[in-house]
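I opened the notebook to record what I looked up about strand pairing and the residues packed around it. The entries below follow the order in which I went through them.

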Amino acid sequence: MRTTTVILLAAAVAVPGCAKRHLNKMDNNEDAMYAEYTKTEYDKDMVKSEEGLDEYDRTTQASVSPKTLASIQDTMESVYERDFGRCLQKDMEAYENRWIAGTFSAEVTIATSGKVTKVNIPTIDIKERRPPKGVPKDKFKPREAKLFAPCVEESAFKWEFDPAPEVEYVYTYTGKVGEAY
């Protein structure tokens, strides 16, 4: 019994010394590794600015929780997506042509209050896909949707998101409208 106690006591005394030596060795290795990097062009290769990041990257770096992001996307798809169809309807009525369709993207800036403060339509390709009644195909020149973007902007300023993002957030929606593909 006495030998077991002596061995355990010796091991308990030796362990802190071994651990300390191991930590010192790790620290020295890290210092050596850092010294090697400082001798190279490593720092020059590192990208350290936000230059070149798109708006989505800058905004998500500002910490909007994944739960809030999912809620914003769900609200867009289940509630506000209807506004896009309603806005397309205005062009269909103006041109008297049901064959208008296309793609677009909308950037919506959402404040911490949940209200939309800014709307931008950076890309839009919505136009007539078939000639209206009475227009021969050889004379048909598709007209661009002119009422869609202003209608979306007007509608978006009425939108609210709950829960609101923790920071001002730019949500980009990309979608299709119309049935004439």
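I began with the pairing in this predicted model, where β1 and β2 run antiparallel and are joined by 10 bridges. As one example of a bridge, I noted that alanine 101 has lysine 127 in β2 as its partner.

Next I checked how covered β1 is, and nine of its 11 residues turned out to be buried. Isoleucine 100 lies in this strand, which spans residues 100-110, and I list isoleucine 100 as buried because its relative accessibility is 0%, against a cut-off of under 20%. Valine 177 is 77 residues from isoleucine 100 in sequence, yet the two C-alpha atoms are 8.4 Å apart.

I also looked up isoleucine 126, which touches Ile100 and Val177, and, among other residues beyond four places away in sequence, Leu88, Phe104 and Phe148.

Last, I went through the largest nonpolar core, which has 30 residues; Met76, Phe84, Phe104, Ile126, Phe148, Trp159 and Phe161 touch the most other members. The elements giving two or more residues to this core are α4 (66-95), β1, β2 (116-128), α5 (148-156) and β3 (169-177), and α4 gives the most, with eight residues.

Terms used: Residues are numbered from 1 along each chain as its sequence is written. This is a predicted model: local features need pLDDT of at least 70, side-chain atom pairs count only at pLDDT 80 or more; totals for chains, interfaces and linings use all residues. Side-chain values use heavy atoms; hydrogens and water are left out. Helices (H or I, at least four residues) and strands (E, at least two) are DSSP runs, numbered from the N terminus. Buried means under 20% relative accessible area, exposed over 50%, partly exposed in between (1.4 Å probe, protein chains only). A nonpolar core is a set of buried Ala, Val, Leu, Ile, Met, Phe, Trp, Tyr and Cys residues joined through side-chain atoms within 4.5 Å. Contact means heavy atoms within 4.5 Å. Two strands pair if DSSP finds at least two bridges between them.
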